[in-house]
Amino acid sequence: MNLQLILLQVETETTSWLTDNWLVDILSKGGWYIMYPLLFFSIISLGIIIERLYRYYSVPNEKKANSILDQLQNLLHQHGTVEPLIEWCDKNKGIFAYVFLQVLKRFNFLVVEKRPIHDMRNELLDTGDESAEEYFEEFLPIVNTIASVATLIGLLGTILGMIMSFDEIAKGGKGDPAIVAGGISVALITTAGGLIVAIPSVIGYSFLKRRTVKLIKFVEPFTNHFVNLILKDLARFATYREMLKTAYRDGVLNKDEEAFLKEKRIDLNISDTEGKKLEDEILKSLGYK
């Protein structure tokens with residue numbers, strides 16, 4: 001008996017909250033087919049804006065960015081390969097870990113393709129800029145789309161409300177204003193709902209877009225420094241290693257291959273001593289003495 005009373009009381013309180021809540025009342029008056037999609041879009045847009053703001057204001061300042069570059073430079077000098085740098089970027093989060101990881105992945109492809117250093121530089125700088133843009137602009141098109149779609153959904157509700165009003169006039173005549181009031185109310189509520197979702201989305205998108213441009217410019221010099229760091233020594237040796245692997249695929253060199261490697265050592269500014277050391281390293285890795 002007591003349990004039934006408690007359940008009845010809970011049901012009464014829930015019903016009272018639903019009927020007395022102004023938001024639920026507005027959603028009901030506007031029609032679920034218009035107002036609930038608008039409510040869903042507003043939650044998505046607000047969530048993205050908050051997430052973007054957190055990400056933008058979590059970007060390391062200049063001092064921390066230089067500290068990250070120093071840390072990566074030490075790893076590079078200590079190991080002489082990109083694998084420790086890739087591992088560091090995989091373990092860490094943030095704009096610099098993301099951009100540098102994309103640059104390193106692209107660098108490995110370029111080494112296998114044996115691209116000239118000049119082409120490597122251009123490709124890596126483009127990869128860095130595109131990665132930073134991708135990182136900062138993620139989800140922003142969704143906010144822009146919601147800003148446009150919310151207005152159209154509100155306009156659709158307006159049209160449906162006016163259709164309802166004219167339908168009531170056709171049924172009951174135009175003498176009583178209360179006949180058309182319901183349809184006009186729906187039209188105004190959905191219009192207001194669409195604008196309430198669209199206006200913050202437009203403002204949020206414009207602000208975030210401007211902030212994105214500034215942050216990409218902030219990250220750009222650090223990306224350039226990182227690319228120069230890789231190309232300074234690592235790219236020359238890594239490219240020549242790949243050339244040696246191709247030349248020594250059968251364990252011996254012919255005259256044309258010797259001439260080609262000599263020409264590439266000059267192009268890559270690799271001394272004969274460094275070339276001999278790399279040659280021994282590759283022969284050992286391939287199982288030749």
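Thr223 is buried, with a relative accessible area of 1%; buried here means under 20% relative accessible area, exposed over 50%, and partly exposed in between (1.4 Å probe, protein chains only). The model is predicted, so local features need pLDDT of at least 70 and side-chain atom pairs count only at pLDDT 80 or more, while totals for chains, interfaces and linings use all residues. Residues are numbered from 1 along each chain as its sequence is written, and side-chain values use heavy atoms, with hydrogens and water left out.

Thr223 belongs to helix H9 (residues 177-247). Leaving aside residues up to four places away in sequence, Thr223 touches Val99, Phe100 and Gly128, where contact means heavy atoms within 4.5 Å.

Turning to the whole chain, 11 helices and 0 strands are found; helices (H or I, at least four residues) and strands (E, at least two) are DSSP runs, numbered from the N terminus. Of its 289 residues, 36% count as buried. Among contacts with a separation of 6 or more, 77% are between residues 24 or more positions apart. The chain exposes about 17700 Å², and carbon and sulfur atoms supply 61% of this area; accessible areas come from the Shrake-Rupley method with a 1.4 Å probe, and for residues only the protein chains shown count as cover.

Helix H4 (residues 62-79) and helix H5 (residues 83-91) pack at an angle of about 145°, their axes 8 Å apart. Axes are lines fitted to C-alpha atoms, for helices over the stretch in contact, and angles run from 0 to 180 degrees between N-to-C directions. On the H4 side the contact is made by Ile68, Gln71, Leu72, Leu75, Leu76 and His79, and on the H5 side by Pro84, Leu85 and Trp88.

Trp32 is found in H3 and is exposed, at a relative accessible area of 62%.

Finally, Phe139 lies in the loop between helix H7 (117-137) and helix H8 (140-172). Its phi is near 75°, a positive value in a residue other than glycine. At 36% relative accessibility, Phe139 counts as partly exposed.
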